[in-house]
Amino acid sequence: PMAVALPQRQVEQPVARHPVQRGDQHHRLAAAMVLITTLLALFAAIHAGDGADRHGRHFHVLFQLQLFGLAGAFLTGDLFNLFVFFEVLLIASYGLLLHGGGAERTRAGLHYVVLNLLGSTVFLFAAGLLYATLGTLNLADLALKAAALPAQDAGLARAGGLLLLAVFALKAALLPLHLWLPAAYAGSSAPVAALFAIMTKVGAYAILRTATLLFGDTGTALANLFEPWLLPLALATLGIGMLGALAAESLRRLAAYLVVASVGTLLTAFSLGAAGIAAGLYYLPHGTFATAALFLLADAIKRRRPATVDFLRPGPDLPRHTLWGGLFFVAAIAAAGLPPLSGFLGKFLILRAAPGQPLVWLAVLLGALTGVIALASAGSRLFLSSSTADGAPVQQPPGAAGAPTPRELLAVGGLLGLIVALTLGAGPAVEFAQATAAQLVAPAAYIHAVLEATP
């Protein structure tokens, strides 16, 4: 079923020739997204092997199915096949979210399933409207047919495009469609939450692809369709994410709200033109790895604080608190976007791409400050405070889980190592992001490469 696509009309309008290699315009971005997903999944799977995969049945089957859906969504160039891959990754995510059971996961899973089923229905309506007006669902062909769209069909096509934005905003957890995310991510197991850090980026990726290819500055009836909505919603999402992190009562929920805030930061960048897109593409892997590392750290802390788990309140001293405190310190610097790590570089590039936009500067800088306060408060409560009913510190009972397992260290250290590598390799990474952004904002060569290869 992955190769199924609705019948398409023959291309009647010639396409200008461009001196590019066939397919090069798409696979630069797609390959980067698949690589990020694969690296994230590697360390999530390593952590899952520490016992989380044995809390229920078929964990690794669902995990691989999730990867299949994610890779397909990044690689496809057809709107209908994008819907199919969305359904594949969603079906797998339903099972992974509920893996291990429990009232909290069941409640969060129910909300997640219902909202995504509604989103899938809206996606079909959007695809139907676009097919009815343009006669194709191939993304390159859609962009070409939009140039010759009759005036009487423009309203339906624009309605289909706005429905697509709503679907992708739901997947990306863009305000006000973000309410499902904190409970779902905080309630799932640690390796699942870490893998889910890339799920919101699927929605952001879909917004970026369609905004530049179909609804960009193309001079057609669909031109700049997303522009009035994207930046205000992205800034609001960044703000609500950071406020949620500040009010979070547990480290897992704090990390979940940081995922929301990272989506806001990412889509803010994507709305700032080619320079902003390049900055966002550099920031994307950083935000993904940083929040995933926080989810894995929250699980490690939860195991070693049986009374208070990962709730942000004083409790018994954490065994090996120096080690876990050091790892949390590095992860917090990364998540807050402080120097010298790649989060700081990414936000600096975003601000540089927004000259004369004080609202963007204010939101990004205040968001960073709020993140620092939230993470500093969480760290002080977890590692610098201890209390009992009588005021005396409590030692962990003999045999309490204190020593880190090799899988825990490898998973958390690996994700933090990827952030360090992204920092040290900032030059080549930014150059790659800039080349990718240049391809996205000039899609004519991609359209030609795809349609020339179509029989």
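The charged end of Arg-209 sits over the ring of Tyr-446, 5.3 Å from the ring centre; the rule here asks for NZ of Lys or CZ of Arg within 6 Å of the ring centre and within 35 degrees of the ring normal. This is a predicted model, where local features need pLDDT of at least 70 and side-chain atom pairs 80 or more, while totals for chains, interfaces and linings use all residues. Residues are numbered from 1 along each chain as its sequence is written, and side-chain values use heavy atoms, leaving out hydrogens and water.

Now for ring on ring. Rings of Phe, Tyr and Trp (its six-membered ring) pair if their centres lie within 6.5 Å, and planes under 30 degrees apart are stacked, over 60 edge-to-face, the rest tilted. That gives 15 aromatic pairs. One of them is Phe-68 with Phe-85, edge-to-face at 5.7 Å centre to centre and 75° between the planes. Phe-85 counts as buried at 10% relative accessibility, where buried means under 20% relative accessible area with a 1.4 Å probe, protein chains only, exposed over 50% and partly exposed in between. Phe-68, at 39%, is partly exposed.

Phe-215 and Phe-226 make a tilted pair, 4.9 Å centre to centre with 40° between the planes. Both are buried. Ring pairs also join Tyr-94, Tyr-112, Trp-180, Tyr-185, Phe-196 and Phe-295 into a cluster.
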